[in-house]
Amino acid sequence: MRHERIKTLFGDDFSKLQNAKVLLLGVGGVGGHCLDCLSRSGVEHITIVDFDTYDKSNQNRQMWSELHEGEVKVEALKKHYPHVEIINAKIDEQWVWDFDFEPYDVVLDAIDDTKAKLALAQKCYKKLISSFGSAKRVDPTKVHVDDIWKSHGDRFGSKIRYELKKRGFKKKYTVIFSTEHAKVKEKGSFSAVTGTFGLVMCAQAVKKIVSK
């Protein structure tokens, strides 16, 4: 009964969701909402990677954070999504180059590390869906999806494109970005926007899985 309504939408393709192997990198404001959406959509094989712990500053935007202050995020989330596999690790450039992405059908990038994002693009662009900046914004209707070279209006995304060009990277992969200008210079975040990024990421992952 739990997935009856999602089965109604996808029909025979629902089995693709159940059998797909998804790697989710980062389970903060964007990744946490993406994880919840994937789980509720019937995706059974999800591996989450993060190194951080929950604190009070997370509680305005990160799911379950108020229940697990001081706990390791991946371990806390395992309590709510017992079917997930967890990796407690800091995702940096070296981690990306060392990790085996071959077993996964989709790789979801919800991290902030620029060098790690660049390495992900170079190593697994065919499987990759990447999130750009969701902080400092208040309008979820300005969130868009396109390939990396058509993204715009985001300084972080501009930096990623610039660095990829320097590396001679010309391939396409899917990115999620906002065209809204940042409202503040400091770190500010609004769950309506970070949550939208996560839900859009889930939707794009589902789309990618069922299209195969």
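Two strands pair if DSSP finds at least two bridges between them. Keep that rule in mind for this predicted model. Strand β1 covers residues 21–25, and strand β4 covers residues 106–109. The two are joined by 4 bridges. They run parallel.

Now step back to the whole sheet. It is open and has 7 strands. Their order is β3-β2-β1-β4-β5-β7-β6, and the pairing is mixed. Look at the two ends of that order. β3 (85–88) and β6 (143–147) stand at the edges. Each has a single partner strand, so one side of each is left without a neighbour in the sheet. Neighbouring strands are also turned against each other, by 15 degrees on average, with direction ignored.

Stay with edge strand β6, because Val145 lies in it and β6 has only a single partner strand. Setting aside residues up to four places away in sequence, Val145 touches Thr174, Val175, Ile176, Phe177, Val200 and Gln204. Ile129 is 16 residues from Val145 in sequence, and their C-alpha atoms are 9.7 Å apart in space.

Next, turn to a helix. Thr114 belongs to α6, which spans residues 114–124. Its relative accessible area is 18%. Buried means under 20%, so Thr114 is buried. Which residues does Thr114 contact, leaving aside neighbours within four places in sequence? They are Phe156, Lys159 and Ile160.

Terms used: Residues are numbered from 1 along each chain as its sequence is written. This is a predicted model: local features need pLDDT of at least 70, side-chain atom pairs count only at pLDDT 80 or more; totals for chains, interfaces and linings use all residues. Side-chain values use heavy atoms; hydrogens and water are left out. Axes are lines fitted to C-alpha atoms, for helices over the stretch in contact, and angles run from 0 to 180 degrees between N-to-C directions. Buried means under 20% relative accessible area, exposed over 50%, partly exposed in between (1.4 Å probe, protein chains only). Contact means heavy atoms within 4.5 Å.
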